[in-house]
Amino acid sequence: MASVELQNISKVFGGLRVIDNLNLTVPDGSFTALLGPSGCGKSALLRMIAGLEQISEGRALIGGVDITNEEPARRKVAMVFQSYALYPHLTVEENVCFSLSLAGMPKAAQKERAAGVAKMLQLESLMARRPAQLSGGQRQRVAIGRALARNPEVFLFDEPLSNLDAMLRVQMRLELTKLHKDLKTTMIYVTHDQVEAMTLADQIVVLEKGKIQQVGSPWQLYNQPANRFVASFIGSLGMNFLPARATPSGQGATVALGDSTRIDLPLRMTAAQPVELGIRPEHLHLVAAGTGDIAGKALLVEYLGNTSYAYIESAFGQVIVEADGSESLETGPPWG
Amino acid sequence: MTAISNPSARRINHAAGALTALNVLVAIFWAFPIYWVLVTTLKPEQDIVRPGIDLWPDRLTFDAYTYVLFNTQIGQWYLNSLVTAGSVTFAVVLMSAAAGYAISLLEFPGRKLLWWLILASFMVPIPALIVNHFVLMSQIKLLNTWAGVILPQLLAPVTVMIYKQFFDSVPKEFREAAVMDGATQMQLLFRLYLPMNWGITTALAIITFIGAWNQFLWPFLAVTTQDKMNVTVGITQVTDAFGVKYARDLASAVLAGLPVALVYLIFQRRVTQAIMLTVGIQG
């Protein structure tokens, strides 16, 4: 087990700065997710920790030891790739033992280590098979097993569940959570799927254009987003942003939405100014026309079983409202 | 069972039948010389020169084979061919794999230049170099030795190109996973890239072996004594002071080609694959 520290890290690809002066601490034993849209630099960051990409500026420490220029194999990290990268010509057991065999470990010790890994990940019946004879979920478990066999201080996962179907993804999420609970090893997990990040991680790092937007627990990211990007990125449909006007009042500020709605918020401000009011779809409720704060018509209703999403065209622009799935909603009639 | 009643289906059926018949005819036309050689080797010499065409020998005899096997140095020629063709195959595959790996995956100064040189060398026909090879081998005193026969045959830009192409197509995650597992460049080549492309290696090895076994011009020039000759050169020595002996000459040719024919029959699929790879590269 070890903490990971990134100090003033930058990565430049042919003049393009994909990571810019980034500082991050991954505490010892934590499950940290690097979350962000495609091209935000999260994979580049993981690959720099792994040693697969050179760090252009800054330094990286694992367990307090500077590994900035260390060979990947000597960093005590193991990586699970998106494509699993299982060696197709080797059996599951040989895949699991590959790093041990390269390190010159005696065969008997290798077999013993492989048996321990197989037991932990329920791979016993698959040890003689080749990767082509395995299902997606089994391959994923073997890839984790191969990483586990190295006994690393830090596990790195590069979007490992993205090739699995929805059902298997849920199952593998549970298995990863259980694995982290059992091993208590530091894990860094790259994903663009916020559900994966929210369910697996105890710390999430939100990245955009090579910069950290916020670091926090899933609860903090959802309830106290640091900026508009985090607010819009976290949550299944993102946040509604409505144009409003805020004026100082007493200890806080009063935000006026249109002519009739006033909301008191704990904001510190000295003068009145236009603002954007962010409201999550689940914090809005549909009410009969003329009785609410925002009037509009439903342009589209998405029915998801337990819940429905109504896309309302209002004077403030498009507003998404999450409604109870038991209500029968129709497009057309006015609400609010 | 249903009878074909559709006229267009019947027409297609007739056309397919005619094509098959034509195929069989062409195959017979192609195979007849081989049949004729085999039949001739099994006839007594007097029957061969008798006027007329005997499609099947009146008297079967293995005299021509026993003569070639027991009165010439064919055993030594086989050994020479086996050693030189085997060495060429081993060295060509090993060097081409290493060169293909280096050009495909390693970063070093002059990599592109080296690649262009290999491409350029592919465009020079081997017979154009034969005088230079002869002079060089003569200067380093390797004429009439196995090494002298082997060394000029190690120029194999096509195999380097095929390996490079295949190594290029291996997803980089395999390499990265192995690097993280602690693999060195040699381990990457011999424990990952070569085994992952084993089919290509066997195909290239077989076709290189066949090519080296069938080599005639260079071994003919590089060797002057019978005990160092390859089987392809050695059979030219099966002559007789009292005229041409067709059965003996053809029996020696059959014996010379037999190992290659066997290799081809056993590894048919791989040879075809190798030819397609080579053609793909050349085309």
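This is a predicted model: local features need pLDDT of at least 70, side-chain atom pairs count only at pLDDT 80 or more; totals for chains, interfaces and linings use all residues.
1. Start with the open sheet of chain A, where 4 strands follow the order 2-1-4-5 with antiparallel pairing. If you trace it by eye, look for the edges: strand 2 (16-26) and strand 5 (65-66) of chain A each pair on one side only. As background, strands of a sheet pair through backbone hydrogen bonds, either parallel or antiparallel.

2. **One strand pair in detail.** Strand 1 (residues 4-13) and strand 4 (residues 57-62) of chain A are joined in the antiparallel sense over 5 bridges. To find your place, look for S10(A), which stands opposite E57(A) in strand 4 of chain A.

3. **A helix on the sheet.** Helix 1 (residues 42-50) of chain A packs on this sheet, where it touches strand 1, strand 2 and strand 4 of chain A. The direction of helix 1 makes about 115° with that of strand 1 of chain A.

4. **Where the chains meet.** Next, turn to the contact between the two chains: 16 residues of chain A are in contact with 15 residues of chain B. On the chain A side, strand 6 (77-80) and helix 2 (92-102) each supply at least two residues. The largest share, 3 residues, comes from helix 2 of chain A. Which classes of residue make up this side of chain A? There are 13 nonpolar and 3 polar residues, and no charged ones.

5. **Two packed helices in chain B.** Helix 4 (residues 74-105) and helix 11 (residues 198-214) of chain B pack at an angle of about 140°, with their axes 8 Å apart. These two helices of chain B are therefore oblique to each other. Helix 4 of chain B passes helix 11 of chain B in a right-handed crossing. Among the residues making the contact are V88(B) and V92(B) of helix 4 and L204(B) and F209(B) of helix 11. By class, the contact residues divide into 10 nonpolar, 5 polar and no charged.

6. **The domains of chain B.** Chain B is divided into domain 1 (7-65) and domain 2 (73-282). Taken over C-alpha atoms, the centres of these domains of chain B are separated by 34 Å. Their contact takes 9 residues from domain 1 and 7 residues from domain 2 of chain B. Which element gives the largest share of the domain 1 side? Helix 1 of chain B does, with 4 residues. That side of domain 1 of chain B has 5 nonpolar, 2 polar and 2 charged residues.

Note on methods. Residues are numbered from 1 along each chain as its sequence is written. Chains are lettered from A and ligands numbered from 1 in the order in which they are written. Ala, Val, Leu, Ile, Met, Phe, Trp, Tyr, Cys and Pro count as nonpolar, Asp, Glu, Lys and Arg as charged, and the others, Gly among them, as polar. Two strands pair if DSSP finds at least two bridges between them. Axes are lines fitted to C-alpha atoms, for helices over the stretch in contact, and angles run from 0 to 180 degrees between N-to-C directions. Angles under 35 degrees count as roughly parallel, over 145 as roughly antiparallel, 65 to 115 as roughly perpendicular and the rest as oblique. A crossing is left-handed if the near helix is turned anticlockwise from the far one by less than a right angle, and right-handed if clockwise. Domain bounds come from an automatic or database domain assignment.
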